[in-house]
Amino acid sequence: MAHGALWMVLFKFVERTIGLISTLILVRLLDPAQFGIVAMAMSFIVMAELLAAFGFDIALIQRQDATPEHYHSAWTLNMLLGLLISLLMLAVAAPISHFYNQPDLFWVVCILAAGPLISGAENIGVVAFRKDLEFRKEFLFQLSRKAIGFIVVVPLAFWLQNYWALVAGMLASRLSGTLFSYLAHPFRPHFTLSKAANLVGFSKWLLMNNVVGFLKERSSDFFIGRLHGPAVLGLYNVSYEFANLPTTELSAPINRALLPGFAKLKSDAAALEAGYLNAIRLLALLAVPAAAGVFAVASYFVPVVLGAKWLGATPLLELLALNGVLLLFHSSICSVLIATGHPDRVTKTNGLYVVILIVALYFLTARGATGAAYAVLIASMLSTPVYLFQIRSCIGIGAGAFLLSIIRPVAGSLVMIAVVRSILPEYTPAQTMGDSILLLATGIAAGASTYVAAIFIMLHLLGRPAGAEQLVWAKASGIIKARIRPAAIKD
């Protein structure tokens, strides 16, 4: 299992590296409006896909006694749902373009509508890679589709200089995934619905969480796109991706380990509480300063990394980075609630978040993307006490214990922000790129050293209490010693 998890973490790292490189190239070639057009189309397509997201692959993995007929039925259902979604998107392409008042959006939706049908035809046999713990094969299969999308979208972006490059890249990724699925696994599905009822009976419970999760992530797209058009929506979406990159990429591998680990501890309340608090300490120690760093250097990160045409992203990065920290804690709470048998509480709490978010978006999005970012942050702040209430009710961990677990990283991050902001002068477009790069590097170096120093000072003043700092130091020391020892023996 540990070996399999390593392959999945490796895939996540490679996937995000490819995605990050692709995005960095594209933001230099395309303007925010190009990203916004595609985001408008994808918001409706993803919504339609999630409304039909019964998760038949998960049902097959969960059923240890799944027969070939189950696989054939799952493939048939995926095909039918893919066809239904594609036809639905073709039917609503005109209303969608009218909703956003973007005539060009009609053809984008029509072309992207082929995506669900292409994905629905994917060979269901590849599910066996995960079910049989053949994670290396799963890694290579998933990587192939990401690589093809990258190979297609970047050259086309240089050539076309518009949103059609993004559209082509998305379709190429889906088409290559379907083609490679038949090369990667010998299973050959055929049409049948003999086990359809059996599969739907399990998978229907995944639907509600998918819908709530979609609304939590994409509600802002509808408000921003409708009121302000594709340029503002593109600016917001790119800002959201980069603002959440540190917290999501640092927390995702840890959260993946939380769920199965806590499932084993659910009968031991004391061990479960101790395990969760240790996990949240580690998450806070690594992810909080990463988000704080984005906040601290945002004014230089945007012009250096994204370019001058994205300068409007600076306040969005700052607000959404703070929001990313709160979402990090939300996700960790949801993981332990699901692991201990309380998925209904996750759905209800996320649903409350969505209600608050939609109300806040209604009143604040008129002020532009910055207003939408404030709405997202307000929803996260107001719903956080409810998440803490849920974990107290189900696990017995009070808000006080939770806050004590994150106090040192939060305090160290605040010190880091204050130091970096005092060092860096206010950015002006008159600055040369060389000066901006130097100041960005200075801010990053000063922030990292300040945070580490603040943590060590607090540990010394508090008498070196046990915490995640010791765990990280022990792991780092072990790695360093392991690398030094063979060299010393060789000498």
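Modeller: Happy to! The expected span of a helix is 1.5 Å times one less than its number of residues, and helices here are DSSP runs (H or I, at least four residues) numbered from the N terminus. This is a predicted model, where local features need pLDDT of at least 70 and side-chain atom pairs count only at pLDDT 80 or more, while totals for chains, interfaces and linings use all residues. Residues are numbered from 1 along each chain as its sequence is written, and side-chain values use heavy atoms, leaving out hydrogens and water.

Let's start with helix 11, residues 269-306. If straight, its 38 residues would span 56 Å, yet its end C-alpha atoms are only 47 Å apart. A kink of about 75° is centred on alanine 298; a bend is the angle between axes fitted to the seven residues ending at a residue and the seven starting there. Just past helix 11, glycine 307 has a positive phi of about 110°.

Helix 14 still bends by about 35° at serine 383, with proline 385 following within four residues. After helix 14 comes glycine 396, with a positive phi near 90°.

Finally, lysine 216 sits in helix 10 (residues 196-265). Its contacts (heavy atoms within 4.5 Å), not counting residues up to four places away in sequence, include Tyr353, Leu357 and Tyr387.

Definitions and conventions: Helix = DSSP H or I, 4+ residues; strand = E, 2+ residues; numbered from the N terminus.
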